[in-house]
Amino acid sequence: MFSRIFSYQRYRDFYSWKSLEVRFSFVLTVVFYLIFFNMLNLYENISMYLESLRDVLLCIIAGDFGLLGMSLAGMAIITSLFTPETVKIISKIDKNDTINRILSSFEFSALNIVLQIIYMLLLFFVLSSNIPPIQKIFFSCIFIIIVYHIFFNLFYILALIGNCIKLNSIKNTCEKVNKVDKSISDIANEVRIDYLIAAILNEKNIKRWEFVDKLDGMIDTSNIKEKEEVKDYLHNYYGVK
């Protein structure tokens, strides 16, 4: 997991201004900071908000377990979504290694959520203890980091859901390409088989109806379930009634 996260440089997702989740998280962090520190005076009145903060932390921890389940389910869906044939087709036309990149995003999301659960639990126990308050500058930095991380995880999961929808469209496109390839190969095989049959019939001086009659006998003694349908198809194909 860690090797894939670092190989695709997923840690850059934290600060890549091109992504909407980073911009939304930054704006909401600024808004929350202004509300809690300028309007509610959180640091000065921390004792008033301790009980509420602990309740919020427990709610966030519970929600994180749900998000973690979504990340793990997303990885399971992606790995089961693509057959080996589809993966081969994608590897031929996709030079960006899209599947592995999206898998690394889910792994990165799961890692972030686990880390958030851990430090949220630690923070909950700290707020429940009698540890003396820290300086305001450190308190503000911790607040900004935690709030940003919470919103980042939420928007990151939303972005991954959008990527899963894109993957589904890629899968459908690959299946269409695969069907076209198969139909062409089937036609080519039919042409080759027809040529060989025609050559054998001419060489052995076998009539077409005799050949079809032999095929009917083989079908009758075989384990094919749709015997009549197969015989009708062959009779129509070779023009024998």
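1. Is Val-31 buried, exposed or partly exposed? Val-31 is partly exposed because its relative accessible area is 36%, where buried means under 20%, exposed over 50% and partly exposed in between, with a 1.4 Å probe and protein chains only. The residue lies in helix α2 (residues 20-39).

2. The model is predicted: local features need pLDDT of at least 70, side-chain atom pairs count only at pLDDT 80 or more, and totals for chains, interfaces and linings use all residues. Residues are numbered from 1 along each chain as its sequence is written, and side-chain values use heavy atoms, leaving out hydrogens and water.

3. The protein chain contains eight helices and zero strands (DSSP runs numbered from the N terminus: H or I of at least four residues for helices, E of at least two for strands). Buried residues account for 31% of its 241 residues.

4. Of the contacts (heavy atoms within 4.5 Å) between residues at least 6 apart in sequence, 82% join residues at least 24 apart.

5. Helix α3 (residues 46-81) has 36 residues and spans 49 Å from first to last C-alpha, close to the 52 Å expected at 1.5 Å a residue; the expected span is 1.5 Å times one less than the number of residues. A kink of about 35° is centred on Ser-52 in α3, the bend being the angle between axes fitted to the seven residues ending there and the seven starting there.

6. The buried residues of α3 include Arg-54, Asp-64, Ser-71 and Gly-74, together with Leu-57, Ile-60 and Met-75.
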